[in-house]
Amino acid sequence: MMESFEQCFDAVREYLKDAESETIYNLWLKGLEPVDFSDGTATLSVSSDFIKGMVEERYMPLLRKAFAAVM
């Protein structure tokens, strides 16, 4: 059982690493940082609006799948 959101997100990171190429992971997903988890919603931070847009546009289904798999 996960003791914290940070632990959960560590498992999500591993899922993402396995699901995507190293280049994609390093470029778009590696910089995601856990902020909060409440009411079934994960809040993550990114370093720029550009990365936020790319993650929202291209990787939200993968992120949802990763969270579902580890929780």
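A: Start with the aromatic rings. In this predicted model, Phe5, Phe9, Phe37 and Phe67 are linked into a cluster by ring pairs. The whole structure holds 5 aromatic pairs.

Q: How is an aromatic pair described?

A: The description uses the distance of the ring centres and the angle of the planes. Here, phenylalanine 5 and phenylalanine 67 are stacked, at 6.3 Å centre to centre with 20 degrees between the planes. Phenylalanine 5 belongs to helix H1 and phenylalanine 67 to helix H3, so this pair ties together parts 62 residues apart in sequence. Phenylalanine 9 and phenylalanine 67 also form a pair, a tilted one, with 6.0 Å between centres and 35 degrees between the planes. That pair links distant parts of the chain too, with phenylalanine 9 in helix H1 and phenylalanine 67 in helix H3, 58 residues apart.

Q: Are phenylalanine 9 and phenylalanine 67 buried or exposed?

A: Both phenylalanine 9 and phenylalanine 67 are buried. Phenylalanine 5 is buried as well.

Q: Which residues have the most contacts inside the largest nonpolar core?

A: The general idea is that nonpolar side chains tend to be buried together in soluble globular proteins. In this model the largest nonpolar core has 18 residues, and Val12, Leu16 and Leu29 have the most contacts inside it. At least two residues of this core come from each of H1, H2 and H3, and H3 gives the most, with 9 residues. Leucine 16 shows what such contacts look like: beyond its neighbours within four places in sequence, it touches Tyr25, Leu29, Leu62, Leu63 and Ala66.

Q: Which residues of helix H2 are buried?

A: In an α-helix there are 3.6 residues a turn, so residues three or four places apart point the same way. In H2, which spans residues 22–29, the buried residues are Tyr25, Trp28 and Leu29. Helix H1 (5–19) and H3 are among what covers the buried residues of H2.

Q: Where is lysine 52?

A: Lysine 52 sits in helix H3, residues 49–70. Its relative accessible area is 40%, so lysine 52 is partly exposed. Lysine 52 and leucine 29 are 23 residues apart in sequence, and their C-alpha atoms are 9.9 Å apart in space.

Notes. Residues numbered from 1 in each chain as written. Predicted model: local features only at pLDDT ≥ 70, side-chain atom pairs only at ≥ 80, totals over all residues. Heavy atoms only, no water. Helix = DSSP H or I, 4+ residues; strand = E, 2+ residues; numbered from the N terminus. Buried < 20%, exposed > 50% of the residue type's maximum accessible area, 1.4 Å probe, protein only. Contact = heavy atoms within 4.5 Å. Phe/Tyr/Trp six-rings, centres within 6.5 Å; stacked < 30°, edge-to-face > 60°. Core = buried A, V, L, I, M, F, W, Y, C linked by side-chain atoms within 4.5 Å.
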